[in-house]
Amino acid sequence: MKLLLAGLVLTLVVGAQAQWYRFPGEAARGAKDMWRAYGDMKDANWKNSDKYFHARGNYDAARRGPGGRWAAAVISNGREMVQGSSGRGHEDSAADQEANRWGRNGGDPNRFRPQGLPKNY
């Protein structure tokens, strides 16, 4: 019985750790998703659309896996830290972080989509 239990625990631990090699690739693709969302935001130049693009970038990155989710968190938090020290309003930064978390946790980015934003975004 103890041997069976030890074997089961070992199988679960090894199975959970077996995907570690995917993390760097997921992180790189997640960072690319974040960059694409930023580029789309600049390209769209649409009023009140930044929360949508925050949520979309985090959502796309997090769907890559744990590495993408990590990359989204690091990029989002770093960006807000830099912008927070530049004198931007605390309320705007908090709203950006809400959109970041929403997307990173699998929430539909369209919750933040402004009316009239072209469909290609």
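This is a predicted model: local features need pLDDT of at least 70, side-chain atom pairs count only at pLDDT 80 or more; totals for chains, interfaces and linings use all residues.
From the N terminus on, the elements of this chain run α-α-α-α-α. That is five helices and zero strands, where helices (H or I, at least four residues) and strands (E, at least two) are DSSP runs numbered from the N terminus. Residues are numbered from 1 along each chain as its sequence is written, and side-chain values use heavy atoms, with hydrogens and water left out.

Let me begin with burial. Of the 121 residues in the chain, 34% are buried; buried means under 20% relative accessible area, exposed means over 50%, and partly exposed lies in between, with a 1.4 Å probe and protein chains only.

I turn now to the salt bridges. A search of the whole structure finds 11 of them, a salt bridge being a side-chain nitrogen of Lys or Arg within 4 Å of a carboxyl oxygen of Asp or Glu. In one of them, the side chains of Arg-36 and Asp-33 meet at 2.8 Å, N to O. Why are these two separated by about one helical turn? Because they are three residues apart in helix α2. Asp-33 counts as buried, at 1% relative accessibility, whereas Arg-36 is partly exposed at 37%. Both belong to a network of salt bridges that also links Asp-40, Arg-56, Asp-60 and Arg-64.

Another bridge joins Lys-51 and Asp-50, with the closest N and O atoms 3.1 Å apart. Here Lys-51 is buried, with a relative accessible area of 15%, and Asp-50 is partly exposed at 23%. Arg-79 pairs with Glu-80, the closest N and O atoms being 3.0 Å apart. Glu-80 is buried at 4%, while Arg-79 is partly exposed at 28%.

Rolling a probe the size of a water molecule over the atoms shows where empty space is left. On a 1 Å grid over the protein atoms alone, a pocket is an open set of points where a 1.4 Å probe fits, with protein on both sides within 12 Å along at least five of seven lines; lining residues have an atom within 4 Å of a point. The largest pocket holds about 230 Å³ of space. Which residues lie nearest its centre? Among the 15 lining residues, these are Met-34, Trp-35, Tyr-38, Ile-75 and Arg-79. Helices α2, α3 (50-62) and α4 (66-84) each supply at least two residues of the lining, and α2 gives the most, with six.

Next, the loops. Asn-45 and Asn-48 are both found in the loop between α2 and α3. Although Asn-45 is not a glycine, its phi is positive, about 50 degrees; Asn-48, also not a glycine, has a positive phi of about 60 degrees. Are they buried or exposed? Asn-45 counts as exposed at 67% relative accessibility, and Asn-48 is exposed at 59%.

In the loop between α3 and α4 we find Arg-63, which counts as exposed at 63% relative accessibility. Its C-alpha atom is separated by 9.3 Å from that of Asn-105, a residue 42 positions away along the chain.

Note on methods
Grid points are joined across faces, edges and corners, and a volume is the space filled by probe spheres set on the points.
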